Amino acid sequence: MDTHSALYHRCKSRLAELRETAPRQTVTLDEKLKENGITRREFMTWSASVTALLALPLPFTNLVAEAAELADRVPLIWLHMAECTGCSESLIRTDTPNLDSLIFDHISLEYHETLMAASGWQAEENLEHAMEAYKGNYLLAVEGAIPTANNGAFLTVGCKGHTGMQIVKEAAEGAAAIISVGTCAAFGGVQAAAPNPTGSKGVQDVIDKPVINLGGCPPSEKNIVGTLMYFIMFGKLPALDMFNRPKWAYGARVHDNCERRGRFDAGEFVETFGDQGAKDGYCLYKVGCKGPYTYNNCPTERFNHHTSWPVLAGHGCIGCSEPNFWDDMADFEKPLGRQLLHGVDATADTIGAVILGATVVGIGAHAVASLFAKPLEE
Amino acid sequence: MTQVATHHRELIFSPAIRIFHWIRALSIVVLIATGFYISWPFLVAPESSDVLVQGWIRFAHVIFGFALTSVTIVRFYLFFFGRSSIERRSVKDVLSINSWITQIKSYIWMGHLNKAGVYGPLQFVTYVGISLAALFMCITGLVLYANVYHEGFGGLIWEISAWFTALMGGLAQVRIWHHIITWAFIVFMVIHVYMAVWSGIRFKHNSVDSIVSGYDYHKDH
């Protein structure tokens with residue numbers, strides 16, 4: 001705890017500051033929880049698990065709870081770019097309103113195209129108003145890639161026909177922190193896959209401010225809410241990894257914490273989907289699991305109320321939280337060593353074997369010719 | 001009756017060079033075999049999951065990987081700072097167009113192979129290429145190692161490994177290039193063995209054995 005005391009005090013004073021500001025909701029979180037039948041005990045359990053998720057020691061639990069209650073003091077603008085809304089779905093599509101979705105409901109959501117009631121001119125006005133009124137204080141979440149070709153004309157949003165690029169640049173200007181939610185916003189995702197005719201890029205490539213990348217297609221609701229909670233608690237960016245992803249979520253590879261890791265080390269592999277190995281829960285490496293090259297906390301946090309995740313369901317990881325995953329991790333049901341290399345449509349092994357064959361033929365020809373060559377004069 | 005020696009011998013490869021050559025050769029062969037298993041685990045599953053087939057093969061890959069890494073570092077040092085200049089002299093040939101023509105002609109049965117150092121220019125450039133490939137394999141290998149073994153040495157090189165991973169565009173890229181470059185070693189090995197045997201026969205000197213004994217033999221005139 002000693003090592004965390006500075007962080008603890010930072011959080012304390014940050015929350016005290018937030019408490020001074022006016023709430024943006026008329027209903028407190030406490031009332032919302034009661035209304036949805038969530039007990040105080042369940043709320044504190046959730047707070048403890050978020051504390052653990054963020055790799056913080058137990059005494060931070062109270063601060064997490066307090067931060068959740070003060071979430072309605074932090075204005076959030078959520079932009080949709082070139083995307084499928086799967087990341088928002090990951091967060092809101094739950095069978096019962098659980099705490100993660102409630103917090104998202106409670107945080108002062110100023111603009112979110114999927115969830116807001118406003119449309120047309122009114123929606124545009126809301127966005128402009130929020131950007132003006134909370135300049136320098138709002139949290140900006142972006143979902144989806146930014147098309148940049150033809151000056152961004154492949155994506156225009158709203159009645160004023162602004163391009164996505166224009167909107168993101170403007171919104172980023174006054175943001176206190178920027179979160180790229182999902183692989184598209186972080187690295188371009190599927191939209192940026194070869195040949196990328198729209199010139200789609202991640203948010204970090206079109207603006208010049210630090211961006212927190214939440215890779216994943218989609219990222220789990222835990223990683224989204226955890227990042228929001230971190231910002232509410234500390235008002236700054238968490239420790240980030242090589243691709244600016246929070247270390248508490250993307251610090252380990254999927255492979256490191258996989259429940260099938262023992263099968264991998266033992267050399268027990270599923271050969272084809274549906275074989276006896278698959279029924280026995282063998283490792284999915286040979287049917288294309290990209291867990292060894294993917295940093296994420298899916299095996300420990302899972303998805304949909306901690307219900308399941310791809311490998312538990314019987315399919316390998318496709319590496320969706322990594323940059324260029326659509327190109328780099330293909331073919332999704334073959335290991336990387338059997339990947340068809342771009343442009344030649346052959347595996348490295350096929351090309352290598354052909355070169356080796358040509359070499360052997362060349363050597364053979366040279367050896368035979370040597371038999372007939374004139375010997376060297378002494 | 002006294003026998004008169006018809007040849008004199010010359011030490012061309014120091015013991016260090018010979019020992020490192022064979023450690024490297026052994027490492028490369030083992031690394032290729034175990035590497036292909038890691039890429040596509042072709043052995044059948046063991047009777048019990050207590051037998052860590054993948055684990056042991058990866059262990060061998062790591063041990064020989066470290067052997068190759070050490071030799072690669074020492075060999076780079078020896079090339080620049082070794083006492084004998086027999087390898088460094090070849091740089092002169094590389095910079096001379098005539099030496100290139102002489103060597104390539106000698107390979108197509110036209111004339112002798114005259115050179116300043118122990119290697120011809122084409123041979124020298126090939127060795128530099130394969131040494132750089134070895135360096136690349138060692139670096140990417142260490143990056144992959146740091147991702148599997150998080151404590152100790154793996155932990156020590158974690159930060160720089162992460163930096164290198166970002167440079168390559170992700171761990172998948174590190175992994176796939178580690179696989180592709182393997183083929184350079186396979187093709188090189190076949191050509192290397194053939195050329196060693198062939199040039200010994202063609203130019204009537206000690207070629208294959210010199211990397212074992214260290215000596216080359218020249219006829220007295």
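How much of residues 153-174 of chain B is helix, and how far apart are the end C-alpha atoms? Over that span the chain is 86% helix and 0% strand, with 19 Å between the end C-alpha atoms, where helices (H or I, at least four residues) and strands (E, at least two) are DSSP runs numbered from the N terminus. This is a predicted model, in which local features need pLDDT of at least 70 and side-chain atom pairs count only at pLDDT 80 or more, while totals for chains, interfaces and linings use all residues. Residues are numbered from 1 along each chain as its sequence is written, and chains are lettered from A and ligands numbered from 1 in the order in which they are written.

The model scores ipTM 0.89 and pTM 0.91. Chain B has an average pLDDT (the predictor's confidence in each residue, from 0 to 100) of 91, and 99% of the residues score at least 70.

Chain B contains nine helices and two strands, which follow the pattern β-α-α-α-α-α-α-α-α-α-β along the sequence. Its C-alpha trace spans about 70 × 40 × 35 Å along the principal axes. The span 153-174 is among those that UniProt, in an unreviewed entry, lists for chain B as "transmembrane region"; such positions are given in the numbering used here, with feature names shortened, and the annotations may be inferred rather than shown by experiment.

S99(B), in helix α4 (residues 97-107) of chain B, counts as buried because it has 21 C-beta neighbours inside 10 Å. Leaving aside neighbours within four places in sequence, S99(B) is in contact (C-beta atoms, placed from the backbone, within 7 Å) with D93(B), K115(B) and P121(B).

Where chain B meets chain A, the contact takes 37 residues from chain B and 37 residues from chain A. On the side of chain B, the elements giving two or more residues are α2 (53-81), α7 (158-168) and α8 (171-202), and the largest share, 15 residues, comes from α8(B). By class this side has 24 nonpolar, 11 polar and two charged residues, where Ala, Val, Leu, Ile, Met, Phe, Trp, Tyr, Cys and Pro count as nonpolar, Asp, Glu, Lys and Arg as charged, and the others, Gly among them, as polar.

The next topic is the nonpolar cores, each a set of buried Ala, Val, Leu, Ile, Met, Phe, Trp, Tyr and Cys residues joined through C-beta atoms within 7 Å. The largest has 71 residues, of which I77(A), L139(A), V142(A) and V168(A) touch the most other members, and helix α10 (residues 221-234) of chain A gives the most to this core, with eight residues. Apart from it lies another core, of 33 residues, among them V254(A), C283(A), Y293(A) and I176(B).

Chain A is assigned domain 1 (2-250), domain 2 (255-338) and domain 3 (346-373), with bounds that come from an automatic or database domain assignment. The centres of domain 2 and domain 3 of chain A, taken over C-alpha atoms, are separated by 38 Å.

Key: A residue is buried if 20 or more other C-beta atoms lie within 10 Å of its own, exposed if 12 or fewer, and partly exposed in between; C-beta atoms are placed from the backbone. Two residues are in contact if their C-beta atoms, placed from the backbone, lie within 7 Å.
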